[in-house]
Amino acid sequence: MFSSPAVARISVLRRTLLPLSPQSSTSISRVKNFVNFSQLASFKPPPIKNEPTLEFSKGSLEWDYLKEGILQLTDNGPIDVPLVIGGQKIYDREIVPQVNPSNKKQVLANTRQATKDDVQGAIIAAKDAKNKWMSMPLHERSAVFLKAADLISTKYRYKMLAATMLGQGKNVFQAEIDAVAELIDFFKFNVTYASELYSQQPLESAPGVWNRAEYRPLEGFVYAVTPFNFTAIAANLIGAPALMGNTVVWKPSASAILSNYVLLEVLEEAGLPAGVINFVPGEPKLVTDEVLDDPCFSALHFTGSTNVFKSLYSKISFNVNKDIYREFPRLVGETGGKNFHIIHPSANIEHAALSTLRGSFEYQGQKCSATSRVFIPESKWEQFKAILSDNMNQIQQTNISSSSGFHGFVGPVIHQQSYDKLSKVIEDAVTDPELEIVSGGKHSDSIGFFVQPTLLRTSNADHEYLKTEFFGPIVTAYVYPEAEFSAILHKIDSSTKYGLTGSIFARDRNAIVEAEETLRYAAGNFYINDKSTGAVVGQQWFGGARMSGTNDKAGSANILSRFVSVRNVKENFYELKDYKYPSNFD
Ligand SMILES: NC(=O)c1ccc[n+]([C@@H]2O[C@H](COP(=O)([O-])OP(=O)(O)OC[C@H]3O[C@@H](n4cnc5c(N)ncnc54)[C@H](O)[C@@H]3O)[C@@H](O)[C@H]2O)c1
Ligand SMILES: N[C@@H](CCC=O)C(=O)O
């Protein structure tokens, strides 16, 4: 009674098209011959709203849960983190410890290092998983990410927070806005953006014609190289391409392996099929060289420093020139910054100073968007300095690994290498006649990697400290004569290679307009009377141009279009009866 012609047709289709069980192969043809299953309705994703954050106020229940989360990760010694390739967990490899940056003697995780063969295995697994994954309708792929978002909001919230706090040295506030809120937002907003993208279709079809656009994933696989500083960024770097039907080889940062592995576990529990995302921590150059030499490499999704992105960009260009690849790889890279605050004399100075404190020192200045150069008018310097220094003096550096440290405002920097670089920046400032340490300047690595929030002042508007990204809790101020406001805007625009974020603090509208105009290309994220950090998914689309990246705007629909290769289909309903045009008279 159910075998109507339509149902029968669908069931025949299914029977003929279902056997997609993949076999191992490195050949390019593996990623062809896909089919989309029926959807039987046009689905709307659930409504989106930014994930609310918990406050962790004194005596709240969430503190107890968090302490439990920390214990779960630390009570039984280091967590064993395998490679995950095609769903297989591989432990039998060289071990590299991930330590707690607050307490460098504490090993949090024993992480495995991928060999060249492992990387090859990950590439094969990504190719093998591709057909089935891309053939799944968007709503099925979306459901995996929506479920993962839900798991992080509930069951895994405290484990995720604990892993990010301990491993990456974040206080609970910073961990909550990153590893919970931003991460969930990326997954949920991407689902809505993807559905909107799929619904974008050619605006016109001539009579007797139906024009359609098909959002094919890229033909090969995607390589995701992720930074230490945001668990959410890692999630987006792997999640955005995977949602669009791509499969991914993922090289996480050695300093974020614990939280990144928790993320992978969550995705597995949410139903992500084996091989869609392959986790290969390892020596960065070894892993990368192996991946970039594969003909099926289709895209790089990178976030990290400008120099590393430049080196990958050149290697890929070199390989393009050698005809290694089947297609032109897409290069999506968000990189460094030298972000500014420009304070106009009309600004509310207390607000500007406190915003500078947050912009410069939240998460120890280890945000790509952290404020690292600030320009203050002469008449306001004393007031600005007093407010900023008084508040900086109240900041206590806390050890994130002990529960008394959970409350702190700042913690450690990420690793020894970063500590060494930042302490040298401070030591060099002591002997530089053009620099003065206004506040802070202490540092110690006896227990963890602690660098005190530091305010420097330079007398030289062209000083190197106003140009170089330090990626730590150090901000350099330059005090300008009021009459030179316009000139200083041009200096901000031209004196660094970056173009990531920046802010104007002013009440005078003319000053705001002038800053917006002059600094049009100096920042991909421009703030008026707000700090240069803290972009929220769906609200402030994130990314900068110039040497700050390809500006594909994480947190917007735009980024998803980089991971699809659109096919246009024209179907004609009109059958020809003559080859001649009406204008061809006999
Ligand atoms: N613009 C943005 O959206 C954004 C966001 C976060 C961080 N960042 C930038 O990231 C940097 C800090 O993060 P980080 O310390 O993790 O950056 P990083 O460049 O040191 O590392 C990023 C990733 O690249 C890998 N890597 C390092 N050297 C490599 C090599 N030679 N070949 C291949 N891969 C290599 C690392 O292992 C890591 O996975 C800062 O410059 C910051 O501004 C930018
Ligand atoms: N969403 C973040 C991105 C920081 C990059 O490291 C911000 O704007 O603060």
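Visitor: Where is A122 placed?
Guide: In this predicted model, A122 belongs to helix 3, which covers residues 116–135.

Visitor: Why is A122 called buried?
Guide: A residue counts as buried if 20 or more other C-beta atoms lie within 10 Å of its own. A122 has 30 other C-beta atoms within 10 Å, and is therefore buried.

Visitor: Which residues is A122 in contact with, leaving aside its neighbours within four places in sequence?
Guide: A122 is in contact with I85, V249, N278 and V280. As for E68, it is 54 residues from A122 in sequence, and the two C-alpha atoms are 34 Å apart in space.

Visitor: Which members of the largest nonpolar core touch the most other members?
Guide: They are V248, V249, I277 and V280, out of 157 residues in that core. Helix 6 (residues 172–199) gives the most to this core, namely 14 residues. At least three residues of the core come from each of domain 1 and domain 2.

Visitor: What is I277 in contact with, apart from neighbours within four places in sequence?
Guide: The contacts of I277 are I238, A242, V248, W250, L264, L267 and L272.

Visitor: How is the protein chain divided into domains?
Guide: Domain 1 takes in 61–335 + 552–569, and domain 2 takes in 339–528. Their centres, taken over C-alpha atoms, are separated by 31 Å.

Visitor: How many residues of domain 1 and domain 2 are in contact?
Guide: 18 residues of domain 1 are in contact with 20 residues of domain 2. On the domain 1 side, strand 5 (103–112), helix 5 (157–168) and helix 6 each give two or more residues. That side divides into 5 nonpolar, 10 polar and 3 charged residues.

Visitor: Why is ligand 1 said to lie between domain 1 and domain 2?
Guide: Both domains give residues to the shell around ligand 1, so the ligand lies between them.

Visitor: Which residues come nearest to ligand 1?
Guide: Of the 28 residues around ligand 1, the nearest are P227, P284, G304, E334 and C368. Helix 9 (284–292) and helix 10 (306–321) each give two or more residues to this shell, and the largest share, 3 residues, comes from helix 9. By class, the shell has 11 nonpolar, 13 polar and 4 charged residues.

Visitor: What is annotated at E334?
Guide: The UniProt annotation "active site" covers E334, and it comes from an unreviewed entry. In the model, E334 sits in strand 11 (residues 330–334).

Visitor: What makes E334 count as buried?
Guide: The cut-off is 20 or more other C-beta atoms within 10 Å. E334 has 29 C-beta neighbours inside 10 Å, so E334 counts as buried. Not counting residues up to four places away in sequence, E334 touches T303, G543, G549 and A554.

Visitor: Which residues are around ligand 2?
Guide: They are N229, F230, K367, C368, S369, T533, G534, A535 and F542. The classes in this shell are 4 nonpolar, 4 polar and 1 charged.

Visitor: What is the phi of R546?
Guide: Phi of R546 is near 50 degrees, a positive value in a residue other than glycine. R546 is in strand 22 (residues 545–546).

Visitor: What makes E514 partly exposed?
Guide: E514 has 17 other C-beta atoms within 10 Å, so E514 is partly exposed. Its place is helix 15 (residues 509–518).

Visitor: Which residues is E514 in contact with, beyond four places in sequence?
Guide: E514 is in contact with S486 and L489. L489 is 25 residues from E514 along the chain, and their C-alpha atoms are separated by 8.6 Å.

Notes. Residues numbered from 1 in each chain as written. Chains lettered and ligands numbered in written order. Predicted model: local features only at pLDDT ≥ 70, side-chain atom pairs only at ≥ 80, totals over all residues. Core = buried A, V, L, I, M, F, W, Y, C linked by C-beta atoms within 7 Å. Buried ≥ 20, exposed ≤ 12 C-beta atoms within 10 Å, placed from the backbone. Helix = DSSP H or I, 4+ residues; strand = E, 2+ residues; numbered from the N terminus. Domains from an automatic or database assignment. Contact = placed C-beta atoms within 7 Å. UniProt positions renumbered as here; feature names shortened; annotations may be inferred. Nonpolar A, V, L, I, M, F, W, Y, C, P; charged D, E, K, R; others polar. Near = placed C-beta within 6 Å.
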